[in-house]
Amino acid sequence: STWGMISNKIKRKDIEIFLQGIDSFFKPKVELEQYSTPPNIAADILHKILLSGDSFEDQIVGDFGCGTGMLTAGALFLGAANVVGFDIDDNCLQEAQNLSLIHISEPTRQAEISYAVFCLKKK
């Protein structure tokens, strides 16, 4: 598709500019080791995935420990068909819900973003 050709040639700076619009943690919880992934680092990670020859185009992506959704939003921006962010913090996921309002600039592209709480406990 046209979107796939565009996403494979997108510049790292374009990814970073998009991600600068994503909010970081309002009140990070030290006990959960929460910290914000800065847009420049998230852009580096996502761009390196593209440079490795992999593509997000039409993929289903799971972002485990998504926080407020910086990498979740980036995967959607780069063409993923469906992105699910998982985290153990309800408050964090509520902040990330705002990402559902993201508008991708290609009007023919349909994408979905959703969030789920998960909890892992030792037996």
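Reply: Two notes before we start. This is a predicted model, where local features need pLDDT of at least 70, side-chain atom pairs count only at pLDDT 80 or more, and totals for chains, interfaces and linings use all residues. Residues are numbered from 1 along each chain as its sequence is written, and side-chain values use heavy atoms, with hydrogens and water left out.

Me: What makes up the protein chain in helices and strands?

Reply: The protein chain has five helices and three strands, in the order α-α-α-β-α-β-α-β along the sequence. Both kinds of element are DSSP runs numbered from the N terminus: helices are H or I with at least four residues, strands are E with at least two.

Me: Why is His47 called buried?

Reply: Buried means under 20% relative accessible area, exposed means over 50%, and partly exposed is in between (1.4 Å probe, protein chains only). His47 has 15% relative accessibility, so His47 counts as buried. Across the protein chain, 39% of the 123 residues count as buried.

Me: Which residues is His47 in contact with, leaving aside its neighbours within four places in sequence?

Reply: Contact means heavy atoms within 4.5 Å. With those neighbours set aside, His47 is in contact with Ile10, Lys11, Arg12 and Ile15. His47 itself sits in helix 3 (residues 39-51).

Me: How do you know that the side chain of His47 makes a polar contact with Ile10?

Reply: A polar contact is a pair of N or O atoms within 3.5 Å; within protein, one must be able to donate a hydrogen and the other to accept it, and residues adjacent in sequence count only if both atoms are side-chain atoms. A polar atom of the His47 side chain lies 3.4 Å from the backbone oxygen of Ile10.

Me: Why are the buried residues of helix 2 said to be on the same side?

Reply: The buried ones in helix 2 (residues 12-19) are Ile15, Glu16, Phe18 and Leu19. They cover an arc of only 160 degrees around the axis, so they are on the same side of helix 2. The arc is that of the directions from the helix axis to the C-beta atoms. In general, an α-helix has 3.6 residues a turn, so residues three or four places apart point the same way. As for partners, the buried residues of helix 2 pack against helix 3 and helix 4 (70-77).

Me: What makes helix 4 mostly covered?

Reply: Seven of the eight residues of helix 4 are buried: Met70, Thr72, Ala73, Gly74, Ala75, Leu76 and Phe77. Take Thr72: its relative accessible area is 0%, so Thr72 is buried. The side chains of Thr72 and Asp63 are joined by a polar contact of 2.5 Å. After helix 4 comes Gly79, whose phi is positive, near 110 degrees.

Me: Where is Ser55, and why is Ser55 called partly exposed?

Reply: Ser55 is in the loop between helix 3 and strand 1. Its relative accessibility is 29%, so Ser55 counts as partly exposed. A polar atom of the Ser55 side chain lies 3.0 Å from the backbone nitrogen of Glu57. Ser55 and Gly79 are 24 residues apart in sequence, with 8.0 Å in space from C-alpha to C-alpha.

Me: Why are Glu33 and Asp58 called exposed?

Reply: Glu33 has a relative accessible area of 65%, so Glu33 is exposed. Asp58, at 55%, is therefore exposed too. Glu33 is in the loop between helix 2 and helix 3 and has a positive phi of about 55 degrees although it is not a glycine. Asp58 is in the loop between helix 3 and strand 1, and its phi is positive as well, near 60 degrees.

Me: Which residues are closest to the centre of the second largest pocket?

Reply: That pocket has a volume of about 160 Å³. Of the 13 residues that line the second largest pocket, the closest to its centre are Leu46, Ile49, Phe56, Val61 and Ala75. On a 1 Å grid over the protein atoms alone, a pocket is an open set of points with protein on both sides within 12 Å along at least five of seven lines, and lining residues have an atom within 4 Å of a point.

Technical notes: On a 1 Å grid over the protein atoms alone, a cavity is a set of points where a 1.4 Å probe fits but cannot get out, and a pocket is an open set with protein on both sides within 12 Å along at least five of seven lines; lining residues have an atom within 4 Å of a point. Grid points are joined across faces, edges and corners, and a volume is the space filled by probe spheres set on the points.
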